[in-house]
Amino acid sequence: MTTVKLLAAATLTVATIFAGQTMAQQTPTQYRSTVVPSEVIQSVSPALGRYEQEDVADLWKRPQLSARDRSVVTVAILVARSQTADLPHYVNLALDNGVTPKELSEVITHLAFYAGWTNGMSAVAVTHEIFRERNIGVDQLPASMPEFLALNEDGEARRQSSVKNLLGTSSPGLEQFTTDPLFRDVWLRPDLSLRDRSLVTISSLMANGQVAQLAGHLNRALDNGLTAEQAGEVVTQVAFYAGWPNAFSAGPVVAEVLKGRS
């Protein structure tokens, strides 16, 4: 019996070591696109292959944002920029990293308003196939008309006044749709937290270089629970997935907002 136990223990130890080695080998690649295999990258740009293996992997290990939050930010960037080739990989990764189907559904809904309707529909087409493959049905998704969160009447009055001052009488349609459905419906849907809605919004704005709206939404994000450290790390994630120029356009705005709140 002792011999059998020793053999079993030895087998378990070997299996554990092998599994650990396998995970170590997989870690650098689990956060990258599966569209372009590593050997293809190496055949075109060995340097890019090295940056992917070293720097992109290191980016996802940084503790300032959780893997879940990095997935939310990355999916938001890809949807906002209509980068659908890589989207299936990162949608799957988001689900693996703890983003629920309800939350992912709401991220896409939210981005249809902040990144454009057609970008939202492109994300729907990609995510539909992933939900089908994972047997995620409509019973796991948010209701079209849920019980909405309570509206902050004072905050909404200030927002409407700000929009009116900004637009004047130039676009009554935009003013109307900004109130309803955007702020009196979309922002009050309960299956994505206000903090995460803000995270998605600022990620989208940074990804597309739309910094004119960034300060207001970043202040809202900080009010909704995003920390200053997390806000700064979103800029870092944007650099890799939307490019350094967009990150450096966003960086000074983020710095100014954080300075004003310190």
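## Salt bridges and buried cores in a predicted model

The structure is a predicted model, in which the count of salt bridges comes to 16.

**Salt bridges between helices**

- Arg261, at 40% relative accessibility, counts as partly exposed.
- Asp69 and Arg195 form a salt bridge whose closest N and O atoms are 2.7 Å apart, and because Asp69 lies in helix H4 while Arg195 lies in helix H10 (residues 194-207), the pair ties together parts that are 126 residues apart in sequence.
- Glu175 forms a salt bridge with Lys164, with 2.8 Å between the closest N and O atoms; Glu175 is in helix H9 (residues 172-183) and Lys164 in helix H8 (residues 153-167), so parts that are 11 residues apart in sequence are tied together.
- Glu175 is buried at a relative accessible area of 19%, whereas Lys164 is partly exposed at 46%.
- Through shared partners, salt bridges join Arg68, Asp69, Glu103, Arg195 and Asp196 into one network.

**Nonpolar cores**

- The largest nonpolar core has 54 residues, and those with the most contacts inside it are Trp60, Val75, Leu87, Met206, Leu214 and Leu218.
- Helix H4 (residues 67-80) supplies the largest share of this core, 8 residues.
- Val75 touches residues including Leu87, Tyr90, Val91 and Leu104, when residues up to four places away in sequence are not counted.
- A second, separate core of 5 residues includes Tyr114, Leu182, Phe183 and Val186.

- His217 lies in helix H11 (residues 214-223) and is buried, with a relative accessible area of 10%; beyond four places in sequence, its contacts include Tyr114, Phe183 and Trp187.
- Val238, in helix H12 (residues 228-242), counts as buried at 0% relative accessibility, and among the residues it touches beyond four places in sequence are Ile77, Met206 and Ala207.
- Val238 and Arg70 are 168 residues apart in sequence, yet 10.0 Å apart in space from C-alpha to C-alpha.

Key. Residues numbered from 1 in each chain as written. Predicted model: local features only at pLDDT ≥ 70, side-chain atom pairs only at ≥ 80, totals over all residues. Heavy atoms only, no water. Core = buried A, V, L, I, M, F, W, Y, C linked by side-chain atoms within 4.5 Å. Buried < 20%, exposed > 50% of the residue type's maximum accessible area, 1.4 Å probe, protein only. Helix = DSSP H or I, 4+ residues; strand = E, 2+ residues; numbered from the N terminus. Contact = heavy atoms within 4.5 Å. Salt bridge = Lys/Arg side-chain N within 4 Å of Asp/Glu carboxyl O.
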